[in-house]
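User: Hi, could you walk me through a few spots in this protein?
Analyst: Gladly, let us take them in turn once the picture is up.

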Amino acid sequence: MSASKGGASDDHARSGPSQTRKAIAGTSLARPELMETYREMTVPAGPTWVEEHLRRLQAKGIQPHFQLSSIPQLETMERLIRRGVYTGPLNLTWVGIGGGFDGPNPYNIMNFIQRVPDGACLTLETLMRSVLPVNAMAIAMGLHTRCGNEDTIWGRKGEKFTSVQQIQQLVRIAGELGREVATGKEAREIYRIGETYRDADETLAKLGFAPNRKPGQVGFTRHA
């Protein structure tokens with residue numbers, strides 16, 4: 001057995017586990033006015049907005065990728081599929097960054113994974129010092145990863161990492177865990193680029209959601 005130092009410093013207690021004062025030092029988030037702008041940011045993505053954009057994307061043959069903050073948003077996505085608003089492959093990113101989204105907590109991650117249908121393609125995303133441990137979990141579970149300077153600038157404590165270094169690190173970890181890194185061609189196949197489905201029923205079946213039940217029909221609620 002081995003032991004490691006733990007515990008929350010005052011710095012962590014004030015700023016949260018990922019965006020400590022030391023973590024954001026030297027970045028734009030260290031400027032109070034920009035941190036306040038980031039903290040107050042809203043995204044105009046109500047139901048009408050989402051439905052209209054899905055229609056436009058599908059009309060142009062563009063496959064959307066859905067970044068979801070929580071299980072309620074996943075349930076909204078399922079309703080859009082059941083109503084026939086979206087018919088196609090389901091490529092998802094769970095975004096665990098806190099501030100109105102799920103936080104980078106293993107219980108949140110596992111809960112979300114449990115609710116995602118088997119036919120979907122799931123990536124885990126978080127920020128700052130949570131990026132590496134969450135990506136390591138994703139690799140170990142056969143999910144997909146996201147890294148780069150948009151999410152973090154840190155490697156080891158106090159050591160800055162470029163996007164290329166982060167990719168190299170995940171490739172090494174994937175190799176040690178026996179997870180092969182996809183080629184560009186394989187990635188397109190995994191994401192099912194170019195696939196479309198004719199209606200809600202085919203989409204539900206392809207994704208592994210339970211089909212619409214007929215009157216009086218009972219059965220398993222997870223798989224078609």
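User: Where does Gly 175 lie?
Analyst: Gly 175 lies in helix α8, where helices (H or I, at least four residues) and strands (E, at least two) are DSSP runs numbered from the N terminus. This is a predicted model, in which local features need pLDDT of at least 70 and side-chain atom pairs count only at pLDDT 80 or more, while totals for chains, interfaces and linings use all residues. Residues are numbered from 1 along each chain as its sequence is written, and side-chain values use heavy atoms, with hydrogens and water left out.

User: Is Gly 175 buried or exposed?
Analyst: Gly 175 counts as exposed because its relative accessibility is 52% (buried means under 20% relative accessible area, exposed over 50%, partly exposed in between, with a 1.4 Å probe and protein chains only).

User: And how far apart in space are Gly 175 and Ile 139?
Analyst: They are 9.8 Å apart, C-alpha to C-alpha, and 36 residues apart in sequence.

User: Switching topic, where is Thr 152, and is it buried or exposed?
Analyst: Thr 152 lies in the loop between β4 (144–145) and α8 (163–176), and Thr 152 is buried, with a relative accessible area of 2%.

User: Which residues is Thr 152 in contact with?
Analyst: Leaving aside neighbours within four places in sequence, Thr 152 is in contact (heavy atoms within 4.5 Å) with Met 128, Arg 129, Val 131 and Gln 166.

User: What about Val 181?
Analyst: Val 181 is found in the loop between α8 and α9 (184–190), and at 52% relative accessibility Val 181 counts as exposed.
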